[in-house]
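Dear colleague,

Please find below the structure that I am handing over to you. My notes on it follow directly after.

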Number of protein chains: 2
Amino acid sequence: MLLILAILPPMFALQSTSTRSRARRGALTTPHGVLQTPFFMPIATKGAVKTISSFDVERLGSPIVLSNTYHLWLRPGVEELKNVGGLHALMDWHGAILTDSGGFQVFSLEGLRKLTLEGVKFQSHIDGAKMMLTPELCMEIQRAIGSDLCMVLDVCTKLPATKEELESALELTTAWARRSKEAFHATREGSFNPGAQLFAIVQGGTDVEMRQRSADALVEIGFDGYAIGGLSVGEPFEEACTVLEGTTPRLPEAQPRYFMGGAQPHEIVAYVQQGIDMLDCVLPTRNARHGQLYRFRHDDLTKRDFYETVHVTNERFAGSQERLFQDLGPDDVEAVDDELRRYTLGYVRHLFRVDEMLGMRLASLWNVRFYLALMKRLRKGIEQGTI
Amino acid sequence: MLLILAILPPMFALQSTSTRSRARRGALTTPHGVLQTPFFMPIATKGAVKTISSFDVERLGSPIVLSNTYHLWLRPGVEELKNVGGLHALMDWHGAILTDSGGFQVFSLEGLRKLTLEGVKFQSHIDGAKMMLTPELCMEIQRAIGSDLCMVLDVCTKLPATKEELESALELTTAWARRSKEAFHATREGSFNPGAQLFAIVQGGTDVEMRQRSADALVEIGFDGYAIGGLSVGEPFEEACTVLEGTTPRLPEAQPRYFMGGAQPHEIVAYVQQGIDMLDCVLPTRNARHGQLYRFRHDDLTKRDFYETVHVTNERFAGSQERLFQDLGPDDVEAVDDELRRYTLGYVRHLFRVDEMLGMRLASLWNVRFYLALMKRLRKGIEQGTI
């Protein structure tokens, strides 16, 4: 048994570290594919990237999507997930899936929400039903989802918070992480995805010392990877960088690090430079639905102005022959480009003006394409020593 | 010149007529492809089939889409259409386009609407602006759209109507058809699509004698094809059949006949059996957006129950492993099937339950696929003498 474990390749293989920053190139092996790091995860909260099918995600070239334990728990529910064989089967998605634990969603709910040592009591945002999420249940749901990369249930503290509030939240986060790990391994048998991995979530607000204590405690328990949670909640971008600067060095070199939450393209570059390997963000699809498109302006990702956002509904794009698709060079062609390069900004603007959902869809396809291309450029930049 | 005309193939070539009904097999040649008749046109009223791109329409295997003069006139407008090179360029659509004249839309508008010999005055449904549509302007707009198959501006009478009302509407429809034809040929020069064809629209309500008078008058003027308008407005299906039964024999054998307006699958079969070559219908996409799916039950299209409609949101499809896609046999494979055959009814139901637009899109792709497959079966049935 020990011998077998010894010859298994490590789940995360660090390939190189930049000499110019803490940026890292690696590969994360999951039961549904090898993911080149750093990577970005399109968000499929409720089992679909908005307006985009799993067929489309493949065309876009993303090897992973992110979904949400809380949302899938409510609908379709654990029983239906178990019956159909998990989320991979439900979506017919052959790539990897990471599931957020739902802690953030539960703590964000308005109204009744009560924290106990056992777990968190709350009311469903759909029908007001009283529910309780515990670390153990959270693992059971993620096993039913068949997620490749599971997240522990964490305690999210509303910022600003006092040192005392942060401390008691941290204590509980650590205790829940330990329980999550035990429950995760206890539910491995008979799950759809026995090779799944479990990530812990470092909390501690914008207090670097707290973050370090949280990281140390979680590393001592030992997880397959570590996420930085509780950021991107309105704090200045520089504070998130300061937190990362103080936290990532405390995390094991040989394991993947995941920055949770929204990030504009230049923020993604900064987080990767702080040693982040995985990111997700709702902005490419959400902004797309409001007619906002991302475009590269030049190749130097270390300069803040390497990209622009274009409001396609703007009058200046009336009848524009400029393409929605932007040529990203011969190394960066994906199957979806055949479709994207056909449409002009003038057409996309027209679709938004006449309320055709197709406009949202084309913009979403493009923005996800942009974020994935950004990650490809970042990976190449790390390899070439420019990041 | 006469010689050149003589060796040009006819735009419409009738290949065979059924011995069991008036159903016809033919081929209609347009500047953007040869269309096998009878055919169905997916509706792209405002320049997009709802949730579906021109890339998708190609994958679905439709050689034509239908758009609307009135809607495109308002947005993006004639100037923008001219600037971009017409609707084919705007949508990047390489197949054929038929445009309805917008008469039906204008006459359907609530509020101020005044009919004169010159044209019809009305208020825009967008901003209330006072506008006037004349036969001449209608042709100019369709030339700017670059439509392959243009429709004359007709007078749509609200049913029920008195004989006098129908008569005066018919008189005007005929006069406008003549003016439309003159204007259409006058604007051929410099248009995006000089090889476009013009169809007249037979009116007359559910009065067969009126319909015959309308048809005779229009045939005397002479058009490239003839549409039957003003039906599918709430009258019983049998009345529409009676109208067709009395009208199609008055139309030239050698020219295509287009039934305008919505039709359920069994109605399409009946209309084709009355000698109809072209149809459109908003039902496949509209019903899809309400979670209603069409499915074949058996192969005998002459039996009313050859299809069923499935409400995918129904509880019985919770976790259903049944496929959205239905195997239509080896002769009927389209590029879109690769995508459609991946998803289960259980997944589509889940998407509707959690308000993911992707559900509407997958259902729309499927229903259009169904209607196109129905037409393929009808064409085969006519060839084999079963229709």
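R257(B) is buried, with a relative accessibility of 3%; buried means under 20% relative accessible area, exposed over 50%, and partly exposed in between, with a 1.4 Å probe and protein chains only. Its side chain meets that of E253(B) in a salt bridge, N to O at 3.7 Å. The term salt bridge stands for a side-chain nitrogen of Lys or Arg within 4 Å of a carboxyl oxygen of Asp or Glu. E253(B) itself is partly exposed, at 49% relative accessibility.

Before I go further, please note that this is a predicted model, in which local features need pLDDT of at least 70 and side-chain atom pairs count only at pLDDT 80 or more, while totals for chains, interfaces and linings use all residues. Residues are numbered from 1 along each chain as its sequence is written, chains are lettered from A and ligands numbered from 1 in the order in which they are written, and side-chain values use heavy atoms, with hydrogens and water left out.

Salt bridges within the chains

Over all chains, the count comes to 54 salt bridges. E253(B) also takes part in one with R24(B), where N and O are 3.9 Å apart. R24(B) belongs to strand β2 (residues 24-30) of chain B and E253(B) to the loop between α10 and β13 of that chain, so this pair ties together parts that are 229 residues apart in sequence. Helices (H or I, at least four residues) and strands (E, at least two) are DSSP runs, numbered from the N terminus. R24(B) is buried, at 1% relative accessibility.

A further salt bridge joins R361(B) and D56(B), with the closest N and O atoms 2.8 Å apart. Here too distant parts of the chain are linked: R361(B) is in helix α15 of chain B and D56(B) in helix α2 (residues 54-60) of chain B, 305 residues apart. Both partners are buried, R361(B) at 2% relative accessibility and D56(B) at 0%.

In chain A, a network of salt bridges links K163(A), E167(A), D207(A), E209(A) and R213(A).

The interface of chain A and chain B

In this interface, 42 residues of chain A are in contact with 42 residues of chain B, contact meaning heavy atoms within 4.5 Å. The two chains bury about 3800 Å² between them, 52% of it on carbon and sulfur atoms; this buried area is the accessible area (1.4 Å probe) that two parts lose on being put together, summed over both. F55(A), R342(A) and M357(A) supply 17% of the area that chain A buries against chain B, more than any other three residues.

Six salt bridges cross the interface. One of them pairs R342(A) with E58(B), at 2.7 Å from N to O. On the side of chain A that touches chain B, α14(A) gives the most, with six residues.

Helix α11 of chain B

Eight of the nine residues of helix α11 (residues 265-273) of chain B are buried, so the helix is largely enclosed by the rest of the structure. Among these buried residues are H266(B), E267(B) and Y271(B). The elements of chain B that cover them include α10 (237-247), β13 (257-259) and α15 (357-384). Just after α11(B), G275(B) takes a positive phi of about 95 degrees.

A buried aspartate and the cysteines

D332(B) lies in the loop between β16 and α13 (337-340) of chain B and is buried, with a relative accessible area of 6%. Its side chain and that of K376(B) are joined by a polar contact of 2.9 Å. Leaving aside residues up to four places away in sequence, D332(B) touches D337(B), R369(B), A373(B) and K376(B).

For C241(A), the nearest cysteine sulfur is that of C281(A), 14 Å away. For C138(B), the nearest is that of C150(B), at 8.5 Å. C241(A) is buried, with a relative accessible area of 15%, and C138(B) is buried at 0%.

With kind regards

Key: Disulfide = S-S within 2.5 Å. Polar contact = N/O pair within 3.5 Å; in protein donor to acceptor, adjacent residues only side chain to side chain.
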